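This report describes a structure with its chains, their contact and some local backbone features. Please look at the sequence and the model before reading on.

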Amino acid sequence: MSYLRLAGQFAVILLLFAGVAALADWPTYRQVPPGYGVVMLTFVHGAERVAECRRLSAQEIAKLPPNMRRVQDCPRGRRPVYVELDIDGRPIFRASLPPSGIAGDGPARVYERFVLPASDYDLAVRMRDTGRSEGFDHESTKHVALAPAQLLVIDFRAETGEFVFR
Amino acid sequence: MIGAVRTALRYGFELIERPFERLFGPALNPLAQLGALGFFFYWVVAVSGIYLFIFFDTGIERAYESVEYLTYDHWYHAGVMRSLHRYASDLMVVMLVVHLLREFAYDHYRGVRWYSWFTGLPIIWLLYSSGITGYWLVWDRLALYVAITSSELLDYLPIFGEPIARNFIATGTLTSRFFTLMVFMHIALPLFLLFIMWVHILRISRPKVNPPRRLAILMLVALFAVSLWRPALSQGPVDLAKAPLEIGLDWFFLPLYPLVDMWGRGEVWAMLGVFSLLIALMPWLPPFRRAKPAEVDLAHCNGCARCAEDCPYEAIRLVPRSDGLPFPTEAEVNAAHCVSCGICVGACPSSTPFRRTEDLKTGIDLPDYRLKELRERVVEVCNGLQRPGRILILACDHGGGARHVGGRVSLPCVAMAPPSLIDYALSKDFADGVVIAGCAESACFHRLGVAWTKARVAGERDPYLRARVPRERVRMIWTSALETRRFERELKAFAAEIAQLAPVRLRSPLPPSVGPVKMAKQVAVAGRSKG
């Protein structure tokens, strides 16, 4: 095998590998346009149960197998969580979040991103997690200055029952 | 539709492969070594990964720093290893994609070949999963983007209670425990990948898992050169309070990630599902062609093992003798593995057309194209040849000579023709020259047909072409199905050479027998009497 042919083989391989190396991080990708930031609404929260626990009567308890006797009957299922997000008074997000799990007894969850131009905004977030048909159980408003590339997260803390902006 | 895509792809491969074959030669042609190169790059990734693990800190706070340390402070060994690790991984993807397309283009996925095709699907998923988990470990801005987008994709599936993506919304939500899990995944997935790669080649005889040494050295040197020229670097530390802006994406591992933003998660999952389903079902999509598998005739089999040695698909094995004949073993065909290429027929020492039994039989034969029919076809075709320069063409169905008109005997693979058939055609004065028209040298449709034929003709592999056969009267032309012009050109040149030669005079081991004309008549009579 001549050295020239060997050099040709090496050159071809090198060229291909150089192409592969170039495509390993180029061209670049922009997920968020320049001058924009991201507002993210995300939380995991379990609404109240679909019905209150009911005390079983003595007859009902007696009908149950001895190893499964209990005092109360508590339905597993949870209600959906209804959530709204307004930005500068404009409705941006409205959703009734179903409970997770096969039996519908898990928490509802939301994970939504909104890409916005960097600017000042009035955010209003509201949530209903009980059986009420009107009004909200939790709500919060905040004036924010969204910077370019900033990721502003709106979370919910069930322990305090408050929305958190961070 | 699929057929049109396949033809277009095949043309594309032909355009690239033939110049590669001229530059590298058939033995070193990288396009004929894609599987072996996949294994080679796997080992490069494995060795470089183990080396990097020595320096890598698996804690969430220290991971990025440790990667920066090995990249800059120890660039001359650990930094180079990092680049090798990344580029060899990318090259694995390249090998996988080209290998997949090539096997599709050359119709290497249907019939009994379904197994290798089907087991290639988990390889795709595992390779991508291995690479994606690797990008998390660097814990730079690209890692954050990959982590968030991957989590969002996974969260779309109703499997996890709490969205995984919520781990990346604020400092403190992500712990080193989660990070350690990713390290474990990045080790476990490639190990499982290696296992599936082994499963992938289980049904292939003599699988190429190592490229030729010269090619491997060239590849390794080129990898080092590229690693020095363009070292793999991180893209800045993670800031969970900031959205990933401009990211240098690895377009080999992450081409679908921008689609998540453009299309949505459900659409990307749907595309992946349809793609996987299509790949999984392709071997069974019409048109379904399958010839009957080879059959062993124990009366003519002495268990010599040549057929088992030559079978490219592990379809033949030797089992204890079952018919009482004084041989320890006999050949047994696994119909599920047999592709009816006939290479075993060409390997069987009983496959000699000189045998003068009334009903020519051999130890192993194809029910759809028996050796007897092959001999009859050779005689019939030779009868139609005109002097001077009568050329018999033993043509592979998948090569450039498959559509030649005149003097052609078609075979599923040229290695089906026993070398004695060439001797037979010349010694009986049926032809002045014999052309073996196979596939392109580095793209044998039945994997080993080209290699075995060359070795048999060269007298390097049993059964040999007898020494008395003048080699100037035998020409092997290796062309792809699309290289018909080149085939015709080489055939014409060979015919001109043969026309210059004196009539062939071989000393036949047998007494004078019937000539081609008379024998062809006998064949015709026999055919009519059958009908």
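## Terms and basis

Two residues are in contact if their C-beta atoms, placed from the backbone, lie within 7 Å. The model is predicted: local features need pLDDT of at least 70, side-chain atom pairs count only at pLDDT 80 or more, and totals for chains, interfaces and linings use all residues. Residues are numbered from 1 along each chain as its sequence is written, while chains are lettered from A and ligands numbered from 1 in the order in which they are written.

## The contact between chains A and B

Chain A gives 33 residues to the contact and chain B gives 37 residues. On the side of chain B that touches chain A, at least two residues each come from helix H1 (2–24), helix H4 (75–105), helix H6 (141–156), helix H8 (213–229), strand S1 (246–248) and helix H9 (257–262) of chain B. Helices (H or I, at least four residues) and strands (E, at least two) are DSSP runs, numbered from the N terminus. H8(B) supplies six residues, the largest share of this side of chain B. The residues of the side of chain B that touches chain A comprise 25 nonpolar, two polar and 10 charged. Here Ala, Val, Leu, Ile, Met, Phe, Trp, Tyr, Cys and Pro count as nonpolar, Asp, Glu, Lys and Arg as charged, and the others, Gly among them, as polar.

The two chains also share strand pairing, where two strands pair if DSSP finds at least two bridges between them. Strand S1 (residues 28–30) of chain A pairs with S1(B) in the antiparallel sense, over three bridges. In this pairing A:Arg30 stands opposite B:Glu246.

## Overall form of chain A

Chain A contains two helices and 11 strands. Read from the N terminus, its elements follow the order α-β-β-β-α-β-β-β-β-β-β-β-β. The radius of gyration of chain A is 28 Å, whereas a compact globule of 166 residues would have one near 15 Å. This radius is taken over C-alpha atoms, and the globule rule is 2.2 Å times the number of residues to the power 0.38. Along the principal axes, the C-alpha atoms of chain A fill a box of roughly 100 × 50 × 20 Å.

Of the 166 residues of chain A, 22% are buried. A residue is buried if 20 or more other C-beta atoms lie within 10 Å of its own, exposed if 12 or fewer, and partly exposed in between, with C-beta atoms placed from the backbone. Among contacts in chain A between residues at least 6 apart in sequence, 60% join residues at least 24 apart.

## Strands of chain A

An open sheet of four strands in chain A has the order S7-S2-S10-S11, with mixed pairing. Strand S7 (108–117) and strand S11 (162–165) of chain A each have a single partner strand at the edges, so one side of each lacks a neighbour in the sheet. Strand S10 (residues 151–157) of chain A runs antiparallel to S11(A), joined by four bridges. A:Asp155 has A:Val164 in S11(A) as its bridge partner.

Strand S5 (residues 81–87) of chain A is joined by seven bridges to strand S6 (residues 90–97) of chain A, and these run antiparallel. A:Pro91 in S6(A) is the bridge partner of A:Asp86. The hairpin of S5(A) and S6(A) has two residues between the strands, and A:Asp88 there takes a positive phi near 55°. S5(A) also pairs in the antiparallel sense with strand S8 (residues 119–128) of chain A, over six bridges. A:Leu85 has A:Val125 in S8(A) as its bridge partner.

## Domains of chain B

Chain B is divided into domain 1 (33–284) and domain 2 (295–530), with bounds that come from an automatic or database domain assignment. The centres of domain 1 and domain 2 of chain B, taken over C-alpha atoms, are separated by 47 Å. Eight residues of domain 1 of chain B are in contact with 11 residues of domain 2 of chain B.

## Local backbone features

The peptide bond that joins A:Trp26 and A:Pro27 is cis, with omega about 0°. A:Pro27 lies in the loop between helix H1 (3–23) and S1 of chain A. In chain B, the bond from B:Arg387 to B:Pro388 is cis, with omega near -10°.

B:Trp139 is not a glycine, yet has a positive phi of about 55°. B:Trp139 is buried, with 25 other C-beta atoms within 10 Å. B:Asp429, also a residue other than glycine, has a positive phi near 60°. B:Asp429 counts as partly exposed, with 16 C-beta neighbours inside 10 Å.
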